[in-house]
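Welcome! Here is a short tour of the spaces and packing inside one protein model. Have a look at the structure first, and then we can walk through it together.

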Amino acid sequence: LTITNAAAYSVAYLRGVGTDAVLAGAAPSVPFYLDGVALLGTQGSADTLGRIKRVEVTKGPQGTLFGRNATGGAISIITPEPGTEFGGDLKVEFGNYNERNVVGYVDLPILESLSASLSGFNNERDNYYTNDYVAADGSRTGVLDIESRGFRTKLRWDASSSFALTGSYSYAESSNNCGLTFENTRVAPVLGVLPILPEDPKADRRINYDQLAGCEVNSYLASVVGTWQLPWLDLKMILSD
């Protein structure tokens with residue numbers, strides 16, 4: 001499984017099957033699913049997810065369960081269900097380039113059969129690139145900040161022992177160095193001794209752009225999932241936008 005991103009689009013390949021088309025209407029061969037909801041457009045799916053429970057990777061054609069686009073497989077991301085007891089956790093990380101990452105999660109029981117949860121995240125760091133461009137008036141053009149933030153809230157109602165409804169809403173926004181202008185720097189080879197691919201003397205992460213370059217993505221996902229377990233049949237309804 002190989003996952004990269006280009007221009008805020010996720011590009012997934014599983015056992016060599018995938019697609020690198022990153023147009024707005026392009027359908028991936030290895031789609032992503034979030035709590036059973038199909039993320040059929042690859043745009044915005046490279047965002048940070050915040051708190052998750054597990055990730056399932058299914059190889060090979062998955063059209064029976066996941067739909068027509070899952071010819072190479074499917075990636076199913078599962079987030080925690082709201083708990084019946086109050087509790088939560090907080091994770092804080094620091095790294096180089098002044099990186100600061102925070103992920104928080106809390107369970108909020110309301111009634112015996114009704115509970116909610118709230119998850120939020122904020123990730124940011126200094127930019128790898130420095131823009132050397134200076135305009136005629138002496139002003140400088142910077143680069144987009146590297147950051148992402150968002151939240152997800154879920155509400156679960158167990159109407160009976162066999163019927164449950166779960167509503168979810170999430171919002172995320174991010175900005176980063178994406179686009180073809182940032183992808184033309186040749187990386188120095190290992191040890192820098194291969195004569196066929198010498199070290200790039202300009203691989204210093206310095207650019208000269210007269211305008212702000214990069215990508216900004218705002219995305220939301222609203223969904224309602226209903227499950228009904230009958231004696232001889234299980235039914236599931238998924239509505240999303």
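## The largest cavity

The largest cavity holds about 60 Å³ of space. Keep in mind that this is a predicted model. The elements that each give two or more residues to the lining of this cavity are β13 and β15. In total, three cavities of 30 Å³ or more are counted.

Which residues line the largest cavity? They are Leu34, Asp35, Val37, Arg152, Ser168, Ser170, Leu221 and Ser223. Sorted by class, this lining has three nonpolar, three polar and two charged residues.

## The second largest pocket

Next comes an open space: the second largest pocket, with a volume of about 680 Å³. Its lining consists of 29 residues, and those nearest the centre are Asp35, Gly36, Val225, Thr227 and Lys236. Asp35 also lines the largest cavity.

Several elements supply at least two lining residues each: β6 (54-59), α1 (63-66), β7 (73-78), β12 (146-158), β13 (163-176), β15 (215-229) and β16 (234-240). Of the lining of this pocket, the largest share, five residues, comes from β13. By class, the pocket lining has nine nonpolar, 11 polar and nine charged residues.

In soluble globular proteins, nonpolar side chains tend to be buried together. Here, the largest nonpolar core has nine residues: Ala12, Leu14, Val30, Phe32, Leu34, Val37, Ile75, Ile77 and Leu221. The strands β2 (9-14), β4 (32-34) and β7 each give two or more residues to this core. Another core lies apart from it and has five residues, including Tyr129, Ile207, Tyr209 and Ala213.

## A look at Asn101

Let us finish with a single residue. Asn101 sits in strand β9 (residues 99-111). Why does Asn101 count as buried? Its relative accessibility is 11%, and buried means under 20%.

The side chain of Asn101 makes a polar contact of 2.9 Å with the side chain of Glu99. Leaving aside residues up to four places away in sequence, Asn101 touches Lys91, Val92, Glu93, Asn122, Asn123 and Glu124.

Notes
Residues numbered from 1 in each chain as written. Predicted model: local features only at pLDDT ≥ 70, side-chain atom pairs only at ≥ 80, totals over all residues. Heavy atoms only, no water. Helix = DSSP H or I, 4+ residues; strand = E, 2+ residues; numbered from the N terminus. Buried < 20%, exposed > 50% of the residue type's maximum accessible area, 1.4 Å probe, protein only. Polar contact = N/O pair within 3.5 Å; in protein donor to acceptor, adjacent residues only side chain to side chain. Contact = heavy atoms within 4.5 Å. 1 Å grid on protein atoms, 1.4 Å probe; cavity = no way out; pocket = protein on both sides within 12 Å on 5 of 7 lines; lining within 4 Å. Points joined across faces, edges and corners; volume = space filled by probe spheres on them. Nonpolar A, V, L, I, M, F, W, Y, C, P; charged D, E, K, R; others polar. Core = buried A, V, L, I, M, F, W, Y, C linked by side-chain atoms within 4.5 Å.
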